[in-house]
Amino acid sequence: MNQKKLILEIKDLYAGIEGKDILNGVNLKIHEGEIHAIMGRNGSGKSTLSKVIAGHPEYTISSGEIIFKDKDLTQLEPEDRSNQGVFLGFQYPIEIAGVKNIDFLRVAVNARRKILLKNELDTFEFEDLVEENLRIVKMEKDFLERGVNEGFSGGEKKRNEILQMALLEPIISILDETDSGLDIDALRIVAAGINKLHSDQKATVLITHYQRLLNEIKPDFVHIMKDGEIIKTGNKQLAIELEREGYENFQNPLDKNK
Amino acid sequence: MKKIFYPEWINSIPSNDGVLEETQKLAREELKQNGIPKKSSEEWRLTNSAFIKEFFNLPLNSNNTKLKLNRIDNLRRSLVKLEFNNDSIFEANLCNGIEKLSEEEIKLCLSENSIRRKDFYDFNKTINEASNNRLIGFKINSKEIKSLEIDIKAEVSELVPTRVIIIVEEGLEVDILEIIEGSRGASHSHLIEIYIKDFSTVNHAIVSIGKDSAKLMASILVNQEKQSNYSLTCIQKGWTFSRLEQKVIQLNGNAKTNIQGLQIANNQQELATHSRVRFNGPNGYLKQIQKSILDDESHSIFNGMIEVPKIAQRTEASQLSKNLLLSSKAKVDTSPQLKIIADDVKCNHGATISQLSNEELFYLQSRGINIKKANQLLINAFCNEILDNLPIQESTWSLLSKALENIKSQ
């Protein structure tokens, strides 16, 4: 059997913000075709990990490596990471009044297409592409004419994130609490979108508090994060245990699985 | 003995022996007596007076510049275009729907608007009246006239005074677009007065773009009768020094006013907007938003006064100043002010000064958009709130589209 290719490897990553350490030695390997779930309490470092991978300028890496397809990402600008195929789905997508959603999406898609050696899309070609993808997240066309996330409900913002993911065709998608703030119908739409976009050549990382998202998207691995480290790794069963017993029972650092 | 300012310069200006004679004489006297406005005056406190002095060192553009009126009809609307050039002003070729003001009417307008207050020195206007030999005044009296374009362009280091008086008769709807361009040290002194009669709507935009040390002083004086609508959008970009003074009076209240402004500055440019809106009657409405984008060591000044006297009950007025700083050395002085005597009114005002948001930039970058493009998107978004609301269809006005492209190429 062919060995699956390694897409992302995080090696002993220490990082923080404004002098405060948040990640204290994260190790993680993600291969193509895999779906990983990272679970943990508020403040355990899950969101920080996703932002550090995406290159948020306010976070500083003190040591460690983030290797994406054999290249160290840590020195790259956020836009270069995205163009290489790293996608971050925001927990709180930013509202940008005055920038039309469709214009934003087109600029983003054309930046990625340049890297993929595909031709730049003009307004009309792009509209066709967007309309196809709108169906994945069951969004209406009028969303495109509004400001980026401007006045969108929580569910609409998350669907807009998945639309961006669909359009940018990333190799790895890290989705930070994509399920938060969604009602059950919206959760199903978003989850179906994520499942549809996942493939054997891609990887997906779900950051979540709750098991319910994992009923819709079946993870291959579940990691528990605490105090900036991954303290336990298991399969779907681990998430079920966690839901039943709470995070309290996973306090023991002796459980640490490296 | 009191020092007389710039007598040589003032005496060198050609005199008018026609309809402007009296106004000009008075203005020159006033200019000689008062000279450059003093720093002690609130209105001029923040102005760099070195810029003003430069106006007095310039030769006057004395080609008997006139307005050319061209009527261009197309499928969508008929457009009347005015350009100042070298024919005599009263020989302008007027068309149906536009009627030249008689000398008596012009004199009446001048005297009504030129009552000189001892306690208030209107320098912008005085320098225009003292130096100006070119004025066009007309009435719009037919629904046929939908759009009017006024182009004022100067490309040499001269003082270029221009003055336009427009009376919009009852029940009409007119777009007025002024494009003011200056380059190579040209300095404009522009005065526009608009009288809007009952039940009329005027959408007025001034797109002013300067480069190569050009300067602009402009006054916009608007009188609104009842049930009239007036929208004003003023865009200032690229002037070394620019000062727009807007004065809108709702003569009997019961009218609507919308004012928007956008200043875009870099280097050491100083762009100022002084705005005064007065409600002389009840049930008036005003919405005003003033924005600036400042880079390098540029300086933006906004002084906004809303006057709601006792007679102006049930006035609804809001004024907001929003400023975007792109550099730590840029400077904003903003002062939205309300003077309210009436007790039954809804009025509010506010000001914000901010930088580009790091979170917004990161969001755009995380979607593969480089930092330069991301900056540009956010700056354009800031402008679009004003530009999208331009009361005039961009597509109809080729010059405006060109000017807007220029603005967006920050």
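Guide: A strand is a DSSP run of E at least two residues long, numbered from the N terminus. I152(B) sits in one of them, strand β5 (residues 147-154) of chain B. Keep in mind that this model is predicted.

Visitor: Why does I152(B) count as buried?

Guide: Buried requires 20 or more other C-beta atoms within 10 Å. I152(B) has 23 such neighbours, so it counts as buried. In space, I152(B) and E181(B) are 6.3 Å apart, C-alpha to C-alpha, although 29 residues separate them in sequence.

Visitor: What makes P161(B) buried?

Guide: The cut-off is 20 or more. P161(B) has 24 C-beta neighbours inside 10 Å, so it is buried. P161(B) lies in strand β6 (residues 159-168) of chain B.

Visitor: Which residues does P161(B) touch, leaving out those up to four places away in sequence?

Guide: N128(B), S131(B), N132(B) and S189(B). K346(B) lies 39 Å from P161(B), C-alpha to C-alpha, and 185 residues away in sequence.

Visitor: Why is R184(B) called partly exposed?

Guide: Partly exposed lies between the two limits: 12 or fewer for exposed, 20 or more for buried. R184(B) has 13 other C-beta atoms within 10 Å, so it falls in between. Its place is the loop between β7 (173-182) and β8 (187-196) of chain B. The phi of R184(B) is near 50 degrees, a positive value in a residue other than glycine.

Visitor: And L117(A): how do you know whether it is buried or exposed?

Guide: Exposed means 12 or fewer. L117(A) has 6 C-beta neighbours inside 10 Å, so it is exposed. L117(A) is in the loop between α3 and α4 (123-134) of chain A. Its phi is positive too, near 60 degrees.

Visitor: Which members of the largest nonpolar core touch the most other members?

Guide: A108(A), I172(A), V205(A), L206(A), I166(B), V168(B) and V174(B), out of 158 residues.

Visitor: Why is this core said to lie between domain 1 and domain 2 of chain B?

Guide: Domain 1 (7-251) and domain 2 (357-410) of chain B both give residues to the core, so it lies between them. Take V168(B), one of its members. Beyond its sequence neighbours up to four places away, V168(B) touches residues including I140(B), V174(B), I194(B) and V202(B).

Visitor: How many residues of chain B are in contact with chain A?

Guide: 16 residues of chain B, against 21 of chain A. Contact means C-beta atoms within 7 Å. Helix α7(B) gives the most on the chain B side, with 6 residues. That side holds 6 nonpolar, 5 polar and 5 charged residues.

Visitor: What do the buried residues of α6(B) pack against?

Guide: Against α2 (78-84) of chain A, together with α7 of chain B. Those buried residues are L361(B), F362(B), Y363(B), L364(B) and Q365(B).

Visitor: How is a pair of packed helices described?

Guide: By the angle and the distance between the two axes. For α3 (residues 101-115) and α5 (residues 154-168) of chain A, the axes come within 9 Å and cross at roughly 30 degrees.

Visitor: What is the hand of the crossing where α3(A) passes α5(A)?

Guide: Right-handed. At the contact, L105(A), A108(A), V109(A) and R112(A) in α3(A) meet Q164(A), L167(A) and L168(A) in α5(A). By class, this contact has 5 nonpolar, 1 polar and 1 charged residues.

Technical notes:
Residues numbered from 1 in each chain as written. Chains lettered and ligands numbered in written order. Predicted model: local features only at pLDDT ≥ 70, side-chain atom pairs only at ≥ 80, totals over all residues. Core = buried A, V, L, I, M, F, W, Y, C linked by C-beta atoms within 7 Å. Domains from an automatic or database assignment. Contact = placed C-beta atoms within 7 Å. Helix = DSSP H or I, 4+ residues; strand = E, 2+ residues; numbered from the N terminus. Nonpolar A, V, L, I, M, F, W, Y, C, P; charged D, E, K, R; others polar. Axes fitted to C-alpha atoms, helices over the stretch in contact; angles between N-to-C directions. Left-handed = near helix turned anticlockwise from the far one by under 90°.
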